[in-house]
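My entries follow in the order I made them.

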Amino acid sequence: MQFHHHGYVSGDPRVLPAAGTGLNRPDELPDVTDVLIVGSGPAGMLLAAQLSMFPSISTRLVERRPGRLEIGQADGIQARSVETFQAFGFAERIVAEAYWLTAMNFWAPDPRDPARIVRGQRTKDDAHGISEFKHLIVNQARVLDYFAEYAAHGPARVRPDYGWEFVGLEVAPEGECPVAVTLRGTAGPQDGIERVVHTKYVVGCDGARSRVREAIGRRHVGAQALHAWGVMDVLAETDFPDIRTKCAIQSHGDGSILLIPREGGHLFRMYVDLGEVPADDNGAVRKTSFEQIVAKANRIMSPYTLEVRDVAWHSVYEVGHRVTDKFDDVPPELTGERDPRVFICGDACHTHSAKAGQGMNVSMQDGFNLGWKLAQVLEGRSPASLLSTYSGERQVIAQNLIDFDREWSSMMARKPEEFESPDALAKFYVDTAEFPAGFMTQYEPSMLVGTAEHQDLASGFPIGKRFKSAHAMRVGDANPVHLGHHHRADGRWRLYAFADAPAAAGEPSALAEWAQWMATSPESPVARFTPAGADLDSVFDVKVVYQQPLDGVELDRVPGIFLPKVGPFAVTDYEKVYAVDPDNGDIFDERGIDRGGCVVVVRPDQYVAHVLPLTATEKLARFFAGNMLAQNPAPAPAAV
């Protein structure tokens with residue numbers, strides 16, 4: 001964590017100084033705002049946290065509940081989400097609080113006595129080493145608390161406006177704030193009062209029954225799977241030996257259970273198979289009592305028993321798989337001709353079973369994808385057409401999720417004898433681990449993602465996929481660090497320059513020429529797209545990784561672009577220069593970096609946007625010219 005560059009900080013450095021819209025921010029909901037977020041679920045709270053870093057933007061979040069969520073239905077935190085938490089600065093704290101899901105055991109009927117279950121396979125949760133972070137279990141309410149804290153401590157001081165529900169909206173064809181949103185009070189002094197808020201953009205994060213989705217005419221496409229599950233968070237006494245390990249439990253004739261231990265060492269969750277639902281059930285299965293769910297669980301677990309002592313929460317749900325036909329308010333036929341004003345995120349876009357642990361995780365990535373794009377447009381750094389990439393990118397991901405979840409939930413509902421082999425379920429779980437962990441997302445080439453023409457220069461950083469961190473040695477303080485852990489959710493692009501082999505710092509090289517171009521050429525992204533008077537690294541966080549170990553890099557010979565002067569006192573930032581860390585693996589080998597060097601461009605949401613040779617400065621300039629607005633004009637062509 002970096003601080004003090006604006007002067008000495010004696011308190012909590014996570015509480016940033018208020019600025020812009022965060023100064024004297026009114027407690028009452030204003031009549032006009034830049035962004036109005038509807039719903040304080042995972043997508044909405046992440047979006048608020050992201051936008052809190054932009055004090056030039058007025059952001060309000062309305063929530064129909066009278067206060068914070070006390071107990072959430074989601075609890076699985078995939079490794080990709082923990083990477084995201086790292087960007088928001090609270091990964092270490094939530095990891096310490098959470099249950100670490102490191103293994104999954106599979107139970108099935110005993111071949112000698114099918115009325116009894118026995119343990120079959122034990123599997124590692126991340127057998128392939130997909131991420132340095134753990135798969136966690138922690139209540140959704142706590143995740144929202146951490147994002148709420150971050151949002152409240154950001155310069156814009158964003159806090160939820162509780163007790164307001166969305167009623168409807170109208171989008172005018174023009175105007176500075178063309179979206180008129182009608183809200184109704186649900187609690188406190190404003191209960192029953194209707195009012196209108198005018199805004200530039202609306203983001204509906206208001207769940208599976210989204211009113212914002214309905215207001216813009218979007219449709220939830222899909223169907224029920226005609227299968228029901230009872231779910232319960234309980235404290236219980238049991239003789240089942242794996243009660244603190246995630247388990248898939250299949251019985252001979254009573255269905256299956258997905259067991260998930262919860263944080264705190266005692267609580268656990270069970271998804272209990274209630275069987276197929278007749279097409280004419282009309283919701284009758286949802287009346288299944290808690291006692292019936294527990295009785296079913298005991299039959300499935302035989303010969304083990306379960307005695308519930310306390311119930312935190314329980315419900316009955318039918319599996320459904322639905323994706324919204326588009327994630328913004330622009331009709332498909334007008335995409336590219338009109339820019340969106342209203343967006344939907346999270347469950348408003350996609351609904352599925354809870355057993356793959358994807359709902360909260362994918363919802364947060366929706367918010368992360370949209371937040372920095374809204375900021376770039378509202379700050380005048382990118383054209384409004386950038387916002388069309390949100391639906392274009394995230395709808396594909398949502399459909400992939402639905403397809404995966406349909407297969408996984410179908411397998412969980414099968415009878416043991418319907419599998420081709422006893423280990424088929426465990427094999428599927430291991431073989432597909434990268435998808436539910438959140439790492440199969442790969443965005444297609446667009447104004448924000450380059451082509452794979454030079455992918456071979458950094459094969460371990462696939463273009464369109466998230467930047468997979470690796471160890472490096474920070475030269476300034478000789479600290480071994482994870483390179484990607486310093487990618488904060490601050491809206492900046494990251495440019496990682498990997499040095500070419502022959503030269504050390506300060507010697508003639510392709511890297512030295514690239515650094516000189518970045519620092520001095522009017523065509524460089526830093527020169528063209530950094531506002532006048534702003535810190536050199538305010539838009540582009542430019543880092544270098546040398547092939548030499550620590551002792552081979554002298555800071556006083558490193559090009560100045562990697563040692564920018566920041567803050568009102570113009571002090572040097574020493575945390576952008578890295579060497580290899582042989583004790584933890586050479587990053588060039590670990591990530592397939594060509595020894596001739598290259599540049600890896602990473603978006604503000606941690607996805608790799610481009611891989612280019614150090615010599616391809618024209619291509620780098622052209623890439624950013626395609627998605628950003630010049631803050632400083634390019635020079636006129638030289639006279640012939």
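Entry 1: I began with α10 and listed its buried residues: Leu511, Trp514, Ala515, Trp517 and Met518. They span an arc of only 160 degrees around the axis, so they sit on the same side of α10. I took the arc from the directions that lead from the helix axis to the C-beta atoms. The face of α10 turned away from the buried side carries exposed Glu513 and Thr520. I call a residue buried under 20% relative accessible area, exposed over 50% and partly exposed in between, with a 1.4 Å probe and protein chains only.

**Ground rules.** This is a predicted model, in which local features need pLDDT of at least 70 and side-chain atom pairs count only at pLDDT 80 or more, while totals for chains, interfaces and linings use all residues. Residues are numbered from 1 along each chain as its sequence is written, and side-chain values use heavy atoms, without hydrogens and water. Helices (H or I, at least four residues) and strands (E, at least two) are DSSP runs, numbered from the N terminus.

**Entry 2: what covers α10.** I looked for the cover over its buried residues and found, among others, β21, α11 (525-529), β22, β26 and α13 (617-625). Contact here means heavy atoms within 4.5 Å. Helix α10 (510-520) lies across β21, β22 and β26, and runs at about 150 degrees to β21. Axes are lines fitted to C-alpha atoms, for helices over the stretch in contact, and angles run from 0 to 180 degrees between N-to-C directions.

Entry 3: Which order do the seven strands take? I read β20-β19-β25-β22-β21-β26-β27, an open sheet with mixed pairing. β20 (479-482) and β27 (608-612) are at the edges with a single partner strand each, so one side of each has no neighbour in the sheet. The twist averages 30 degrees from one strand to the next. I count two strands as paired if DSSP finds at least two bridges between them.

**Entry 4: around Leu495.** I followed leucine 495 both ways. β21 (493-498) pairs with β26 (598-602) in the antiparallel sense over five bridges, and in β26 the bridge partner of leucine 495 is valine 601. β21 pairs with β22 in the parallel sense over six bridges. In β22, the partner of leucine 495 is valine 542.

**Entry 5: β22.** Six of the six residues of β22 are buried, so this strand is largely enclosed by the rest of the structure. Phe540, Val542 and Val544 point one way, while Asp541, Lys543 and Val545 point the other way. β22 also pairs with β25 (577-579), parallel, over two bridges. There, valine 544 has valine 577 as its bridge partner.

**Entry 6: a helix pair.** I then turned to α1 (42-51) and α4 (140-153), which pack at an angle of about 20 degrees with axes 8 Å apart. α1 and α4 are therefore roughly parallel; angles under 35 degrees count as such, over 145 as roughly antiparallel, 65 to 115 as roughly perpendicular and the rest as oblique. I noted the residues that meet: Pro42, Met45, Leu46, Ala48 and Ala49 in α1, with Gln140, Leu144, Phe147, Ala148, Tyr150 and Ala151 in α4.
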